[in-house]
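Please view the sequence and the model alongside the text.

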Amino acid sequence: NSEIILFILIILLFVLYSLLIVYYWQSWNAISDFIPLNTTESTTISIIIPARNEEENIGQLLQALQSQTYSADLFEVIVIDDHSTDKTAAIVQQFPSVKLIQLKEDNINSYKKKAIETGIAAATGDLIVTTDADCLPGNNWLATVASFKTENQSAFIAAPVVFENNNSFLQIFQTLDFLFLQGITGASVYKNAHSMCNGANLAYEKKVFEEVNGFQGIDNIASGDDMLLMHKIWKEQPEKVHYVKSKDAIVSTQPMKTWKAFFNQRIRWASKAKNYDDKRITVVLLLVYLFNLSFLVLAVAGFFFSFYWIYLIGLWLAKTIVELPFVYSVASFFNKKSLLKYFLFFQPLHIIYTILSGLLGQFGKYEWKGRRVS
């Protein structure tokens, strides 16, 4: 009958999801921490920073870049001001060594891609490194990424990102959620399982960007300056797409300050899914979405037959138990183990936002950087 069929379907989804998480966990743990063997500096680097109304953050980032241990004559910093209406440009101009470009184009669907493309066109470095204006790298960031590129002959490098957090409910939730995504990023790239990365910390060869014609073919999509580009490069050179697992390579960034901003961010991320050329990640996203949706099905079914709520609680605990070893490993790397005590209690919120953002990302609109995007 229908109860048995529903039960079997949910158990099947749970088993498949568990196998996926165990795979990610083992893959993450298999990645060796990168320790540079060759400290000879030879790679020329262009750091590309798209910025829109970032007066609160851009100065701190530019100060951090001045403190890099990498030879100052081997890297340049290019900020592309994306129609800012605040003091972003004025702050950048206080740093004489930084090249400031004002984005002229308007009425385009992906301002960030256009900003990055504009920056790369003006870049003189062999290696393009992208980050966001609200990010902060450690002093050895460039030296580590450059060494990794040299030692591994990488064409594309995905690198670790972590959220800074205070003790607010919203920021702790975002940080834990993002740790999970970062673990999946490292594991999937290391195993060459599917394309995943974050634009706050990327590096790729300028010549490779040009060889794949940059964002051509994906420039009409509002987001995806990171993963969609990564997959274009992966299709050409799959053996040269890598993940650098090094604490020196970590870039920290700011979480969203409001729930509305958080949901807009996640809807923006989810909106890329319908444009993925990488069918491997589409299968993963579908499995994760259906598994999370099963919680909603049980919750609704419980109003008709209360025993479904017992199944719901059991599945909640089982999901936590399966995920915890993986999240523990990732949190250890990012020095965030103290947040794990909240993990069980954040599960319902995580499930709800996954269902909502996944749905709205495919059909809804969102607001980003003061712009309405469809």
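In helix 1, Leu6, Ile10, Leu13, Phe14, Leu16, Tyr17, Leu20 and Tyr24 meet Val284, Leu287, Val288, Leu290, Phe291, Ser294, Val297 and Leu298 of helix 10, where contact means heavy atoms within 4.5 Å. The model is predicted, with local features needing pLDDT of at least 70 and side-chain atom pairs counting only at pLDDT 80 or more, while totals for chains, interfaces and linings use all residues. Residues are numbered from 1 along each chain as its sequence is written, and side-chain values use heavy atoms, with hydrogens and water left out.

**Helix 1 with helix 10**

- Helix 1 spans residues 2-30 and helix 10 spans residues 279-301; their axes come within 10 Å and cross at roughly 135°.
- Axes are lines fitted to C-alpha atoms, for helices over the stretch in contact, and angles run from 0 to 180 degrees between N-to-C directions.
- Helix 1 and helix 10 are therefore oblique to each other (under 35 degrees is roughly parallel, over 145 roughly antiparallel, 65 to 115 roughly perpendicular, and the rest oblique).
- Helices are DSSP runs (H or I, at least four residues), numbered from the N terminus.

**Helix 1 with helix 6**

- The axes of helix 1 and helix 6 come within 8 Å and cross at roughly 75°, which makes the two helices roughly perpendicular.
- Tyr17, Ile21, Tyr24, Ser27, Trp28 and Ala30 of helix 1 meet Phe180, Gln182, Gly183, Ile184, Gly186, Ala187, Ser188 and Tyr190 of helix 6.

**Helix 6 with helix 9**

- Helix 6 (residues 169-190) packs against helix 9 (residues 259-270) at an angle of about 15°, with the axes 11 Å apart, so helix 6 is roughly parallel to helix 9.
- Helix 6 contributes Phe169, Leu170, Phe173, Gln174, Asp177, Phe178 and Leu181 to the contact, and helix 9 contributes Trp259, Phe262, Gln265, Arg266 and Trp269.
- The contact of helix 6 with helix 9 has eight nonpolar, two polar and two charged residues.

**Largest cavity**

- Phe173, Leu176, Asp177, Phe180, Lys319, Glu323, Phe343, Phe346, Gln347 and His350 line the largest cavity.
- Helix 6, helix 11 (307-333) and helix 12 (343-363) each give two or more residues to this lining.
- The lining of the largest cavity divides into five nonpolar, two polar and three charged residues.
- A cavity is a set of points on a 1 Å grid over the protein atoms alone where a 1.4 Å probe fits but cannot get out, and lining residues have an atom within 4 Å of a point.

Terms used. Nonpolar A, V, L, I, M, F, W, Y, C, P; charged D, E, K, R; others polar. 1 Å grid on protein atoms, 1.4 Å probe; cavity = no way out; pocket = protein on both sides within 12 Å on 5 of 7 lines; lining within 4 Å.
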